[in-house]
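Me: I'd like to go through the charged contacts in this one. Can you start with the term we need?
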Amino acid sequence: MADRKPIELQDGWSVMQNGINKLIRLLEGEQEEQFNAEQYMSLYTTIYDMCTQKPPHDYSEQLYGKYKEAFSTYITEKVLPILKEHREEVLLKELYKRWCNHNLMVRWLSRFFNYLDRYYVVRHTLSPLKDVGLICFKDLVYTEIRTRAKDAVLRLVEKERDGELIDRILVKNVLGIFIEVGMGGMESYERDFEEHLLSETASFFKRKAAEWVEQDSCPDYMVKAEECLKQEEERVDNYFHNTTKAKLLKEVETELLSNYETVLLQKEHSGCSALLKDDKTDDLARMYRLFQRIPRGLDPVAEIFKEHVEQEGNKLVKDVTEAVESKKEKDGGKLKNLVDREQFVRSVIELHDKYLQYVSTCFCNSSLFHKALKEAFEAFCNKSVAGSSTAELMATFCDNLLKKGGEKLSDEAIEDTLDKVVKLLAYVSDKDLFAEFYRKKLSRRLLNDKSSSDDHERSILSRLKQQCGAQFTSKMEGMVTDLQLAREKQQQFDEWMSNMSKTLSIEMTVTVLTIGYWPSYKVHELALPKEMVDGVEMFKKFFETEKHRKLTWIYSQGMCHLKANFDAKPIELVINTMQTALLLLFNDTAELTYLEIQERLNLPDEDIGRMLHSLSCAKYKLLTKDPSTKTIAKTDKFVFNNKFTDRMRRIKIPLPPADEKKKVIEDVDKDRQFQIDAAIVRTMKSRKVLQHQQLVLEVVQQLSRMFKPDFKLIKKRIEDLISREYLERDKENPQLFKYMA
């Protein structure tokens with residue numbers, strides 16, 4: 001077979017040029033038939049032959065150059081002149097059309113020159129033919145048109161921001177060109193478009209923010225700002241590249257929110273304080289959503305929230321104090337009931353519920369707002385309320401919930417309220433004071449059978465244990481258990497009496513308690529009536545079987561049911577053991593003086609005075625006093641009032657309330673001294689040597705869960721421990737302490 005005649009460059013390129021011209025006519029929309037298979041094969045074969053001929057007829061290098069030249073010629077002659085004629089949106093449409101045509105041309109020519117691409121380009125590590133076509137477009141079209149195209153796109157974006165409709169698909173397509181000419185990188189898009197977009201965005205929203213902040217209220221401004229941010233996010237989704245999103249939103253947030261945050265939050269009638277005051281929960285939720293977007297944007301909001309809650313709490317304290325003072329004046333300096341102060345706790349619970357709801361719904365349970373709420377409640381919950389501490393009022397409130405005849409609530413409502421009170425306790429610094437007041441009231445409920453439900457009693461103790469630790473409730477739990485054991489002990493006593501065939505002239509129930517669990521009570525050497533003496537002696541005999549246990553009788557906590565025969569009718573009296581002993585004296589004697597009564601009962605003046613006052617000066621005058629005054633004197637004489645009557649067949653005569661508050665506070669102060677001593681010794685035992693300031697800080701840290709220790713008291717206790725040789729000062733440095741084993 002004869003050798004094939006080589007194709008010369010000029011001849012071969014002439015064939016290719018005809019094919020390229022046909023392609024250009026098709027791209028320009030001129031009347032031209034599509035390529036058929038024969039024409040396509042002819043063009044492909046021509047390139048193949050010209051690349052596979054033996055040197056010097058291998059024209060691969062020249063064809064590579066001609067390929068690039070074909071694009072340059074087309075762009076220079078056909079594309080650029082038309083693009084230079086157009087402006088604005090028309091330019092963008094034409095640019096995108098030319099970009100699509102260019103890609104089509106690259107695709108077709110890459111097929112024609114496929115052999116060149118597969119072998120020559122690979123062998124010589126040159127740019128692939130597709131990239132060559134793209135580089136031509138970038139160098140000749142993009143470089144020339146990019147500024148005008150960018151300006152046109154930015155004007156369309158601004159139009160849309162002003163509410164006009166634009167061709168979003170066109171913008172997306174044109175921005176696609178900015179991305180693709182980067183050939184895999186984002187430099188062209190970022191440098192030639194994005195930087196300008198961000199600058200224009202900042203300017204646009206700077207103008208808008210300045211207008212809105214002058215004319216709109218804070219809620220209206222926030223609605224507009226939120227809508228703008230939403231629209232900008234949509235813009236990214238519609239036509240900007242997703243890498244633009246964070247940068248674009250940052251510009252909008254800076255101009256709309258960061259630069260005007262203080263002004264917005266402090267607007268006189270519509271700022272954050274006003275929204276809180278008017279319960280504008282939707283606006284507050286929007287405020288949270290917006291300002292969480294900027295660095296530390298929520299700090300001022302949380303601060304205003306804290307100040308507002310604190311003001312509301314202080315107002316409650318002030319209102320209750322004023323109401324109590326007003327009632328005191330009306331009642332001649334005496335406060336007859338605690339209704340206002342108990343209502344204070346209810347109001348604090350409602351306030352906490354309200355703003356806890358704000359934190360969970362408006363502020364998405366943010367820890368920052370939980371902290372603000374905690375600090376606000378700590379600020380006013382540790383203030384004195386009409387002469388009482390919040391700890392005392394909370395204990396009284398719980399007592400009212402848990403005792404018979406207290407608040408009439410369903411079991412669920414009581415449980416819910418108790419739960420809320422325990423949560424409030426977290427804000428009270430003097431938790432030990434609450435514990436002591438609560439223990440006093442619990443003892444009264446248990447001993448007087450006033451507790452409405454054992455389940456509720458155990459429930460609150462369980463919650464307190466969870467909140468404050470096992471040590472906090474150990475004595476209270478012991479009291480509840482003790483009472484159950486006391487009932488069993490009474491049953492054993494009754495069985496013992498039955499077995500021994502012994503009887504008493506009176507019915508007697510003894511409650512045996514463990515002294516360590518219960519509050520301390522005064523022990524009186526009361527001279528009991530004979531009927532009671534028999535019962536006490538009988539119980540002592542029964543109790544002798546309990547080794548290592550000593551009985552101490554607390555008559556002040558006893559209760560008696562006494563039948564009194566008056567002229568009109570007999571009445572059953574429910575009175576204290578000591579009141580009973582006093583009244584029984586009048587069975588034998590018609591008239592007794594104060595001193596005679598004191599001598600026979602063997603009681604101090606304070607107790608005699610209180611009992612005589614309850615029986616002769618209060619509501620029920622069972623004794624007639626001479627002289628008939630409202631105070632008790634040592635010269636007074638008393639006679640049993642046979643003429644007394646009442647519409648009730650049973651009456652209860654309480655003793656005038658003793659000032660328990662003072663004793664509770666004294667007991668707590670004493671306990672605190674022991675706890676501070678223990679904390680100091682514990683710390684020094686582990687550290688051996690410690691600076692004064694560090695020791696004080698560690699002691700405060702250890703004790704702050706239960707109470708806020710006073711620095712002066714800590715210093716005093718350190719001095720006391722030095723005198724008792726638990727610690728010693730360093731001889732050279734008096735601020736340094738050493739532990740003495």
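Reply: A salt bridge here is a side-chain nitrogen of Lys or Arg within 4 Å of a carboxyl oxygen of Asp or Glu. This is a predicted model, where local features need pLDDT of at least 70 and side-chain atom pairs count only at pLDDT 80 or more, while totals for chains, interfaces and linings use all residues. Residues are numbered from 1 along each chain as its sequence is written, and side-chain values use heavy atoms, with hydrogens and water left out.

Me: How many salt bridges does a search of the whole structure find?
Reply: The search finds 54.

Me: What does D605 pair with?
Reply: D605 forms a salt bridge with K634, with the closest N and O atoms 3.0 Å apart. The pair links distant parts of the chain, 29 residues apart: D605 is in helix α25 (residues 605-616) and K634 in the loop between β4 (623-626) and β5 (637-640). Helices (H or I, at least four residues) and strands (E, at least two) are DSSP runs, numbered from the N terminus.

Me: And R672, which residue does its side chain meet?
Reply: D430, at 3.1 Å, N to O. D430 lies in the loop between α18 and α19 (431-447) and R672 in helix α26 (residues 660-687), so the pair ties together parts 242 residues apart in sequence.

Me: Is R672 buried or exposed?
Reply: R672 counts as buried, at 12% relative accessibility. Buried means under 20% relative accessible area, exposed over 50%, and partly exposed in between (1.4 Å probe, protein chains only). D430 is partly exposed at 23%.

Me: Which residues are linked in a network?
Reply: E160, R161, R168, E232 and R235 are linked by salt bridges.
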